[in-house]
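Subject: Structure handover

Dear colleague,

Please find the structure below, followed by notes on what was found in it.

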Amino acid sequence: MALPIPAPASADIGVTGMGVMGSNLARNLARNGYKVAIHNRSSAKTEEVYTEHGSEGEFIPSENMEDFVGSLSRPRVAIIMVKAGAPTDAVIEELASRMEEGDIIVDCGNSLFTDTRRREAALKERGLHFVGTGVSGGEEGALWGPSIMPGGSPQSYDRLGPMFEKISAHVDGEPCCTYIGADGAGHFVKMVHNGIEYADMQVIGEAYDLLRRSLGLSPAEIADIFAEWNKGELDSYLMEVSVEVLRQVDAKTDKPLVDVIVDAAAQKGTGAWTVQTALDLGVPVTGIGEATFARGLSSSPAQRAAAQGFAGEAQEWNVEDREAFIEDVRKALYASKLVAYSQGFNEIQAAAEAYGWDINLGALARIWRGGCIIRAQFLNEITRAYDADAKLPLLIGDSYFYERIVDALPSWRRVVSQATLHGVPVPVFSSSLSYYDGVRSERLPAALIQGQRDFFGAHTYQRTDAEGAFHTMWAEDGRAEVQW
Ligand SMILES: NC(=O)c1ccc[n+]([C@@H]2O[C@H](COP(=O)([O-])OP(=O)(O)OC[C@H]3O[C@@H](n4cnc5c(N)ncnc54)[C@H](OP(=O)(O)O)[C@@H]3O)[C@@H](O)[C@H]2O)c1
């Protein structure tokens, strides 16, 4: 079927990139009453979407970019949903060269926020708004209501906001979409969201592994435990997904599917970006970092093969009180997860300061309650904590969360030490506990490190009892200290 001739300049919004995300977003917009222009590099895909879903709402399909831009009402709004990187740059240029001052280009792909900042600045020079927008929720979310994190100018949100809020997920009647902040802020928070997702998935994986190796439970039995946990403070989409995965039986072998899946976790890059950016900002996101490295370890076949047969368990693991141990693991999981979120929010705070973004962290947690992969009950409490103190320096220091950490602490220590004694890797459980112990320490060995740096590099140090920078003349007899 050939595409119809587009009606001139009447679409409320357009979507270019008819992959699974773009087509679903376009269908979501159309279902919500917007007239949607659709386009794809290869027009067969546009035709396919129009043929299969044209009856779901008002679509204006176009075979080429000229017609696509021509079919948008002014000021034009065009969403790009293509592969991040060079393809996104190419499509931006195709659109920008056909657009006019005041028009809005929205990138809903998973772009790196520094690319978004560069693109926003370049398009501003040409009089165009560029809105880097984080979209979470995968293909189902895009179709039925994602969590949407738009950056860019506040003026562009005046035009985009009502549409995005309408098509987003809703929780307690509130849309899971809010203006995040200027230029790359939307893509930045989406990146950290994905990093947190890595940590959240890993802590669930560590709990599963511990229960399996310590108690010899089957995946289905662990699914039952997780289903119970999911009724309480650990209630989350990722927990729900884990229950489903652990219950799944492989049709071919009749084994639990999880035992048939190759244990090498893949990654598309947003976890690594979160960690790289945190390193640049000097923010310790140990939970996300360890989760990302754990995927790396799982996907290192040569190293894993070389280590098979290495000495292992130091002790036989006979758990005396099974119920108590299961509860310990639950609390260790909860506390480790809290630390990962706390660290992720610190990374956002640091970026907001570095890039001049006015990010409302309470509102951010609110829009993560629905649509997205990390949606969870306890995000309500994160919203409450940041609404009470917008500049809260440490999420786990909020009284509600701190009480839970204190309650979990003995369990957390038991689990990490038992796992260590029995040779079970718990990278996020243990690094999160170390972070907790580090951040609460009155004195850290960093003083010695400063001394070492001053010794070999004259990097200077500060004193606890005086202002200024100091250097000790290490090579001299008597080693005098000078103010630098
Ligand atoms: N999948 C998810 O769960 C998810 C979730 C959130 C965000 N995202 C992000 O959403 C974006 C789209 O994801 P997706 O999974 O729907 O599709 P995708 O596989 O990442 O991209 C496919 C689309 O990109 C187009 N494309 C590729 N190179 C192009 C180029 N040089 N010029 C023009 N178009 C080009 C393709 O057109 P052709 O058909 O002509 O090849 C197709 O429409 C990505 O940035 C992705 O990271 C995905």
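In strand E4 (residues 77-80), Val77 and Ile79 point one way and Ala78 and Ile80 the other way, and all are buried. Buried here means under 20% relative accessible area, with exposed over 50% and partly exposed in between (1.4 Å probe, protein chains only). Helices (H or I, at least four residues) and strands (E, at least two) are DSSP runs, numbered from the N terminus.

On conventions: this is a predicted model, in which local features need pLDDT of at least 70 and side-chain atom pairs count only at pLDDT 80 or more, while totals for chains, interfaces and linings use all residues. Residues are numbered from 1 along each chain as its sequence is written, and side-chain values use heavy atoms, with hydrogens and water left out.

The sheet

E4 belongs to an open sheet of 7 strands with mixed pairing, in the order E3-E2-E1-E4-E5-E6-E7. Strands E3 (59-61) and E7 (147-150) are at the edges with a single partner strand each, so one side of each has no neighbour in the sheet. From one strand to the next, the twist averages 25 degrees (axes are lines fitted to C-alpha atoms, for helices over the stretch in contact, and angles run from 0 to 180 degrees between N-to-C directions). Two strands count as paired if DSSP finds at least two bridges between them.

On one side, E4 pairs with strand E1 (residues 13-16) in the parallel sense over 3 bridges. Gly14 stands opposite Ala78, and the bridge partner of Thr16 is Ile80.

E4 also pairs with strand E5 (residues 104-107), again parallel, over 4 bridges. Here Val77 has Ile104 as its bridge partner, and Ile80 stands opposite Asp107. E4, helix H4 (residues 86-96) and E5 form a right-handed β-α-β unit; right-handed means that, with the strands pointing away from the viewer, the path from the first strand over the helix to the second runs clockwise.

In E5, Ile104 and Val106 point one way and Ile105 and Asp107 the other, and all are buried. E5 runs parallel to strand E6 (residues 129-136), joined by 4 bridges, and Asp107 has Gly132 as its bridge partner in E6. The chain crosses from E5 to E6 through helix H5 (residues 113-125), and this β-α-β crossover is right-handed.

Domains and cores

The protein chain is divided into domain 1 (13-179), domain 2 (190-440) and domain 3 (445-483), with bounds from an automatic or database domain assignment. The centres of domain 1 and domain 3, taken over C-alpha atoms, are separated by 55 Å.

A nonpolar core is a set of buried Ala, Val, Leu, Ile, Met, Phe, Trp, Tyr and Cys residues joined through side-chain atoms within 4.5 Å. The largest has 88 residues, and Leu211, Phe226, Trp229 and Trp368 have the most contacts inside it. Domain 1 and domain 2 each supply at least three residues to this core. Apart from it lies another core, of 28 residues, including Ile13 and Ile38.

Regards
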